[in-house]
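Try each task before reading its solution.

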Amino acid sequence: MKRKMKTNVQLLKRILVVGLALLVALVALPGCMPNKQEHPGSGSGGHEQTSTRVITDAAGREVELPARVEKIVPLGNTPRMIVYLGLAKKAVGIGGLQRENITPLTAYAYATKDLWADLTIVGTDAAGATDYYPEQIMSVQPDVILCTYTAELADEIQSKTGIPTVAVPQGTLYQKDYEQAFRLIGEVCDVKDRAEEVITYISESLADLNKRTSNVPDAEKPSVLGAAATFKGPHGIDGVYIDYPVFTAIHAKSVADGLKVSGSAIATIVDKEQILGWDPDILFLDAGNLKLVRKDLAENPDFYTKLSAYNSGEIYQYPNSTSYFSNVEISIANSYYVGSIIYPEQFRDVDVKKKASEIFEFFLGDPDYLSKLKEAGYGYGKVEL
C-alpha cells in the first residue's frame with residue numbers, strides 16, 4: 001500500500017511539471033499576451049502594429065486606429081491644422097493646392113513648402129472641387145487619413161484605401177468647431193497638450209481684442225468696410241465682408257453688417273451703388289485682390305472719386321484672411337492691425353509688427369513670416385490706388 005501511494009504521488013508531480021511547461025509555452029506564443037489586439041496590416045503603414053484603439057470622430061463614426069500614429073495623410077483643411085499642431089513632419093502625402101499656386105497668402109502651405117516639396121499629391125480641394133486619389137494614398141502607406149469631409153465621404157475613402165480615416169470639423173474662424181478639430185487631431189496623433197496650447201492662444205487673443213474694444217461707444221468709431229473680399233475666388237471692390245470675424249472680434253462698425261445672405265457666408269457681391277450709399281470712413285482691402293481694384297479704378301474713376309475714403313486717403317490693405325479655407329494666424333494679426341487703425345488709443349501699446357511676429361512664430365514656427373508677406377506685396381499699410 002505504501003509503495004502504491006508513493007507511485008501515485010510521483011505521477012501527480014510529473015503531471016504538474018508537464019502542465020506548467022505547457023502553460024509557459026502557450027503564454028510565450030504570439031497573440032497570447034493579455035490586453036493586446038493584433039491587426040497585422042490594418043492601417044499599419046507598412047510597419048508592424050501590435051495594438052489598436054478606437055476613437056469616435058466628428059461624424060460619429062467609430063474608427064479603429066494604430067496605438068501610435070507616425071504617418072499622416074491630411075485632406076481638406078487638416079493640412080493647415082497639422083501645421084498648427086506641430087505635426088507637419090508626419091505628413092507622407094498631401095492634399096490641397098497645386099504647388100505652383102502656393103503664395104505667402106496660404107500661410108501654412110508656404111511655411112512648409114520646402115518640407116513638403118517632395119510629398120506625393122494625394123488629393124485636391126482647390127476651387128471647391130473635392131477629390132482624392134486612392135492609389136496615391138495607399139502608395140505612401142499612412143497610419144491614418146485625416147479629413148474635413150462628411151461621414152459618407154470618409155467611409156468611402158476608408159473603404160477604398162483600407163486605411164483608418166478620421167473626419168474632423170472643417171473649422172470656422174474663431175468658433176468652437178475649430179477647437180473640436182484641434183482636440184480630435186490631438187487625440188488621434190497624441191499631441192493633446194499642443195492642441196490645448198493652440199486653443200488657449202486663440203481664446204486669449206480674442207479676449208484681449210474684446211477687452212480693448214468692447215467699451216468704445218459706436219459714436220466714437222469710424223465706419224469701415226472690408227472689400228476686395230476673397231470667397232470662392234478673388235473679387236474687386238464689390239466683393240464685401242459681412243459679419244467678418246476680423247471686424248467682429250474688435251467690435252468694428254462695419255457698414256455691411258446685417259446684410260442678408262444665404263447660409264453662413266461672410267462675404268457677398270453688392271452693387272457698387274450700395275457702397276456709395278454706405279460711404280464708409282475707412283476701406284480695408286484684401287492685398288491679394290488689389291490688382292482687381294486698380295483695374296476697376298482705371299475703368300471707372302468717377303465711382304472712386306465719390307468715395308470719402310478714397311478722397312481722404314483712408315484705404316488700407318491686409319493679407320487675405322481666407323486662402324484655401326481660413327488663415328487663423330493671419331486673421332488674428334489682421335484684427336490687431338485693423339484695431340490699431342480705428343482705435344489708436346486702445347492699441348497704443350501694441351507694436352503690430354512685433355505682435356504679428358509673435359503670432360506667426362506660434363502658429364507657423366516662423367517669426368519672420370511678415371517679411372515674406374511684405375516681399376510678395378501682401379503686407380500691411382496704406383494703399384495708394
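**Exercise 1.** What does the accessible surface of the protein come to, and what percentage of it belongs to carbon and sulfur atoms?

*Solution.* This is a predicted model, where local features need pLDDT of at least 70, side-chain atom pairs count only at pLDDT 80 or more, and totals for chains, interfaces and linings use all residues. Residues are numbered from 1 along each chain as its sequence is written, and side-chain values use heavy atoms, leaving out hydrogens and water. The accessible surface (Shrake-Rupley method, 1.4 Å probe) is about 19100 Å², and carbon and sulfur atoms hold 52% of that.

**Exercise 2.** Decide whether aspartate 57 is buried or exposed, then find its neighbours.

*Solution.* Start with the cut-offs: buried means under 20% relative accessible area, exposed over 50%. Aspartate 57 has 6% relative accessibility, so it counts as buried. Next, locate aspartate 57 in the loop between β1 (52-56) and β2 (62-66). Finally, look for contacts (heavy atoms within 4.5 Å): leaving aside residues up to four places away in sequence, aspartate 57 touches Val63, Thr165, Val166, Ala167 and Leu184.

**Exercise 3.** How do helix α6 and helix α7 pack?

*Solution.* Begin with the geometry: α6 (residues 176-189) and α7 (residues 192-213) meet at an angle of about 165°, and their axes are 7 Å apart. Therefore α6 is roughly antiparallel to α7, a label for angles over 145 degrees. Then list the contact residues, including Phe182 and Arg183 of α6 and Ile199 and Ile202 of α7.

Methods:
Axes fitted to C-alpha atoms, helices over the stretch in contact; angles between N-to-C directions. Helix = DSSP H or I, 4+ residues; strand = E, 2+ residues; numbered from the N terminus. Parallel < 35°, antiparallel > 145°, perpendicular 65-115°, else oblique. Buried < 20%, exposed > 50% of the residue type's maximum accessible area, 1.4 Å probe, protein only.
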